Amino acid sequence: MTSITRTLVLSLGVTATGIFLVILAIVIWIDLAREREQTYCQTAAAILNRATVVDPGHGLMIRSTGIEGLRSNSPSLWYVVSYGNLMSEFGRERRPALPFSLPFAGPIGLSVVSTLDQKSSFCLAVVRRDTSKLVMMIGGAQVHIGQIAESFILRNLFSVILLAVAFASTVAAGAFLSARFVTRSIERVTRLALAIEPRAPQASISLDEVPVELKPLVSALNRAFHEINAYIQRQRRFLGNAAHQLRTPLTLLRAKIEDVTEPALKAELVSDVRRLTSLVSAMLDLARLQNHAIEKRPIDLAALTREVLADFSPSALDAGIELSLEQVAQDSVVVLGVEAAVRSALANLVGNALIHAGGAARIVAHLGRGSVSISDDGAGISPTSQLKHIEPFQTGATANQGHGLGLSIIQEIMTAHAGTLTITSRPGRGTTACLRFPEALRERRENPEPAM
């Protein structure tokens, strides 16, 4: 995956390198155009200086590898190099008459000097070499732009390095600040997007809070949010309407079943209609919770749990399962919420435990500070299946009972109450589903339980 920061830094680095090379070429061109002869003289003298090797015992030696390019490009090239009493000369037949005698012993420096007949000029360069002076006279030299650039960089190496470091530092600082700005802008948009309620994404990200460069992306996100919200609303309306329309036919069907004379068939039909009615009621409850805000009131969670357990006592007795209640706190457990919704959540948990806890002998309700959990000692479920069962229409291992909406409705109820539903299970050791309300979290922070 491509990183915006890395791409930005690389792009700025390549661009800055190109700009630096262009600026350097412009400076060299200006230097060449301003004093063309002086620049040619400096370049030729620098090449000859690097090619000259002084050996007091054997004389002066001009390395061919160092000056071969200058000789091949300059058919009229001649030069004279002297070091004390040592002297080396090339192209003597092309050398014009000089205005002074050889060897020359002048001051250190570089200049362009006219020949004796004033028809041409040559380069005179005197440099310090060890304890004496190296004198170079060059004429007819033809240097190309590459040699001029190399000579210019070598003569101004410190200045070029200093300029390159300053330029690179400026570019690096600019790249860092630009990358930081881009990163922070994306983080700001991300925070605004995360602040939108995922179950009802009708809100949008304000374009006034994002940079101009990110506005097309944010506009696309807003459009996607609106389309998703419209789809969710259509789906919820269809679910509610379908459930509502099914209630009347089910009522009529139940009335007609009463006319069935065969007991076994009648019992089976009544059971099927009861399951359909339960499914329709669950769909209606889910639609109401998703489409409407709820008004919270104080609820005695302990009393409500006892009532739910009492309602399921006959079913538990028929199944041979013991129902019990354990209360951590002796005083009443009061939470804020809608009693009917919380009762539905508890009933779904107990009903799921009775139906799906295969092999369970005991179901226990544990009451804590603002929380209630339903535990069984049945077969349990695998960790990979715990989150899947919360989704609508996902059923457990029992195929002939349940419609897969129970845990989904519980999740919606707890979300509406700003609470949480947590499921923990170990295969072979049972399952525990816990409803925790936000008031319990605040109470626990204010009054921590004493250490045992």
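The questions below set values against cut-offs.

Guide: One point before we start: this is a predicted model.

Visitor: What does the protein chain hold in helices and strands?

Guide: The protein chain has 12 helices and 14 strands. Of its 452 residues, 34% are buried. The accessible surface is about 26700 Å². Carbon and sulfur atoms account for 59% of that surface.

Visitor: What makes S5 and S6 a strand pair?

Guide: Pairing needs at least two bridges. Strand S5 (residues 109-114) and strand S6 (residues 121-129) have six bridges, so they count as paired. The two run antiparallel. Val113 stands opposite Phe122 in S6.

Visitor: What lies between S5 and S6?

Guide: Six residues lie between them, and the two strands form a hairpin. Gln118 is in the turn, with a positive phi of about 60°.

Visitor: How many aromatic pairs does the structure hold?

Guide: There are two. A pair of aromatic rings is described by the distance of the centres and the angle of the planes.

Visitor: Why is the pair of Trp78 and Phe122 called tilted?

Guide: Take the distance. The ring centres are 5.7 Å apart, and the limit for a pair is 6.5 Å. Now the angle. The planes stand at 55°. Stacked needs under 30 degrees, edge-to-face over 60, and the rest is tilted. The value of 55° falls in that remainder, so the pair is tilted.

Visitor: Which parts does that pair tie together?

Guide: Trp78 lies in strand S3 (residues 78-83). Phe122 lies in strand S6, so the pair ties together parts that are 44 residues apart in sequence. Both Trp78 and Phe122 are buried.

Visitor: Why is the pair of Tyr79 and Phe90 called stacked?

Guide: The centres are 5.2 Å apart, with 20° between the planes. The angle is under 30 degrees, so this pair counts as stacked. Tyr79 is in strand S3 and Phe90 in strand S4 (residues 86-90), so the pair ties together parts that are 11 residues apart in sequence.

Visitor: Are Tyr79 and Phe90 buried or partly exposed?

Guide: Tyr79 has 2% relative accessibility. Buried means under 20%, so Tyr79 counts as buried. Phe90 has 26%. That value lies between 20% and 50%, so Phe90 counts as partly exposed.

Visitor: How do you know that the charged end of Arg71 sits over the ring of Phe90?

Guide: The charged end is 4.6 Å from the ring centre. The distance limit is 6 Å, so 4.6 Å meets it. The label also needs a position within 35 degrees of the ring normal. Arg71 is listed as sitting over the ring of Phe90.

Notes
Residues numbered from 1 in each chain as written. Predicted model: local features only at pLDDT ≥ 70, side-chain atom pairs only at ≥ 80, totals over all residues. Heavy atoms only, no water. Helix = DSSP H or I, 4+ residues; strand = E, 2+ residues; numbered from the N terminus. Buried < 20%, exposed > 50% of the residue type's maximum accessible area, 1.4 Å probe, protein only. Areas by Shrake-Rupley, 256 points an atom, 1.4 Å probe, with all protein chains shown as cover. Phe/Tyr/Trp six-rings, centres within 6.5 Å; stacked < 30°, edge-to-face > 60°.
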